[in-house]
Each structure stands twice: as C-alpha cells, then as structure tokens.
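Here is a short briefing on one protein chain. Look over the sequence and the fold first, then read the notes.

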Amino acid sequence: MANSETSPAPAMKPAAQAKPVVLLVEDNHINQVVALEFLGLMGVQARLAKNGLEALAACAESVPDLVLMDIQMPGMDGLECTRRLREQQRAGTLAHFPILALTAHALDSDVAASMAAGMDEHLTKPLDFSALRTRLGRWLTLPSS
C-alpha cells in the first residue's frame, strides 16, 4: 500500500543573482582583450560584437543589461548603431538598457555627438579599470569582489 503522506518540499534557497550582461561593441583586438579582461575581473558576463551590425543582431538575440559602444568602427559606427537601438526601444520592440560610448575621442563635440545619438555616458580610452568600474556601477549592480 502506498503511503498517502507527502513529504514536505525542501526549503528553497534564494536564487543567486544573475551576473549582469554587458555587450562590448569594439572592432580593435587589443581594446577587446583589455575590456573583456576588465569586465571579467568585475564579475560581469561579457559578450562581444565587432561592429554596429553585429551589435544590432546581438541585442535582438538577447537583450544585454548594458552596452559599451565604440564610436568608430567599420560598416556601421557606434553613433548610427545607438540611434537604431534607441529607435527600436522607442517603438517598443526592444527593452531599454544604458549605452555608454567608449572612444578615444574626448572633445566636447565628441561627447555632444554621443549624447545626441542617444548614449547615456561617454567614456574615453585607454580604459582605466577603476573608472570603468565606477561608471558601470552607476548603471548595474556589480557582483561583490
């Protein structure tokens, strides 16, 4: 005869918080290596797109928590890619996420162009680990070190 008593369900542990996903859009191999290493050290999950077209496809496939967008890239540059992503977000076909410009261009006109395209911030290269961590911390909950 089967036991009609059911065992109590085991206590559920709180789900571990998922690592934030950062999409790095960068065409330069050295910059890719440095940025991906920094992101890994910060405990975030990093994905890579090598130009604006790849970034559009990557965001459509799986929406990131944040995008680090190079400005000058072959094919589609970061400004045009950001404009297209923001159009999709305004149309409601893509969830909103912050986009941070990542460029060697630091003139006021460069910052203005980034903001006009829809970027949320403008970071300059070469990347500094502490500065990048501080900026990302404004937009994401970074894992504790």
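The notes below go from the overall layout to single helices and side chains.

This is a predicted model. The chain has five helices and five strands. From the N terminus, the elements run β-α-β-α-β-α-β-α-β-α.

**Overall layout**

- The chain has 145 residues, and 41% of them count as buried.
- Take the contacts in the chain with a separation of 6 or more: residues 24 or more positions apart account for 59% of them.

**Helix H1**

- Helix H1 covers residues 29–41.
- Which residues of H1 are buried? They are Gln-32, Ala-35, Phe-38 and Leu-39.
- These four cover an arc of only 140 degrees around the axis, so they sit on the same side of H1.
- An α-helix has 3.6 residues a turn, so residues three or four places apart point the same way.
- The exposed residues His-29, Ile-30 and Leu-41 are on the face of H1 turned away from its buried side.
- The buried residues of H1 pack against three strands, E1 (21–25), E2 (45–49) and E3 (66–70), and against H5.
- At the start of H1, Asn-28 places a side-chain oxygen within 3.0 Å of the backbone nitrogen of Ile-30.
- Gly-43 follows H1 and has a positive phi, near 85 degrees.

**Helix H2**

- Helix H2 runs over residues 52–61, and its buried residues are Gly-52, Ala-55, Leu-56, Ala-58 and Cys-59.
- They lie on the same side of H2, because their arc around the axis is only 165 degrees.
- Leu-53, Ala-60 and Glu-61 are exposed on the other side of H2.
- Which elements do the buried residues of H2 pack against? They pack against E1, E2, E3 and helix H3 (78–91).
- Asn-51 caps the N-terminal end of H2, with a side-chain oxygen 3.0 Å from the backbone nitrogen of Leu-53.

**The aromatic pair**

- A search of the whole structure turns up one aromatic pair.
- The ring centres of Phe-38 and Phe-129 are 5.3 Å apart. Their planes stand at 80 degrees, so the pair is edge-to-face; the cut-off for that class is over 60 degrees.
- The pair links distant parts of the chain. Phe-38 is in H1 and Phe-129 is in helix H5 (residues 129–139), 91 residues apart.
- Buried or exposed? Phe-38 counts as buried, because its relative accessibility is 17% and the limit for buried is under 20%.
- Phe-129 has a relative accessible area of 27%, so this residue is partly exposed.

**Cysteines**

- How many disulfides does a search of the whole structure find? It finds zero.
- A disulfide is a covalent bond between the sulfur atoms of two cysteines.
- The closest cysteine sulfur to that of Cys-59 is in Cys-81, 6.6 Å away. That is too far for a bond, because a disulfide needs the sulfur atoms within 2.5 Å.
- Cys-59 is buried at 0% relative accessibility. Cys-81 is also buried, with a relative accessible area of 0%.

**Lys-125**

- Lys-125 is in the loop between strand E5 (121–124) and H5.
- The relative accessible area of Lys-125 is 17%, so this lysine is buried.
- What does the side chain of Lys-125 make a polar contact with? Its partner is the side chain of Glu-26, at 2.8 Å.
- Leaving out residues up to four places away in sequence, Lys-125 touches Glu-26, Asn-31, Asp-70, Leu-102, Thr-103 and Ala-104.

**Glu-80**

- Glu-80 lies in helix H3.
- Glu-80 counts as partly exposed, because its relative accessibility is 26%.
- The side chains of Glu-80 and Arg-84 are joined by a polar contact of 2.9 Å.
- Glu-80 and Ser-114 are 34 residues apart along the chain, and their C-alpha atoms are separated by 10.0 Å.

Conventions. Residues numbered from 1 in each chain as written. Predicted model: local features only at pLDDT ≥ 70, side-chain atom pairs only at ≥ 80, totals over all residues. Heavy atoms only, no water. Phe/Tyr/Trp six-rings, centres within 6.5 Å; stacked < 30°, edge-to-face > 60°. Helix = DSSP H or I, 4+ residues; strand = E, 2+ residues; numbered from the N terminus. Buried < 20%, exposed > 50% of the residue type's maximum accessible area, 1.4 Å probe, protein only. Arc of directions from axis to C-beta. Contact = heavy atoms within 4.5 Å. Polar contact = N/O pair within 3.5 Å; in protein donor to acceptor, adjacent residues only side chain to side chain.
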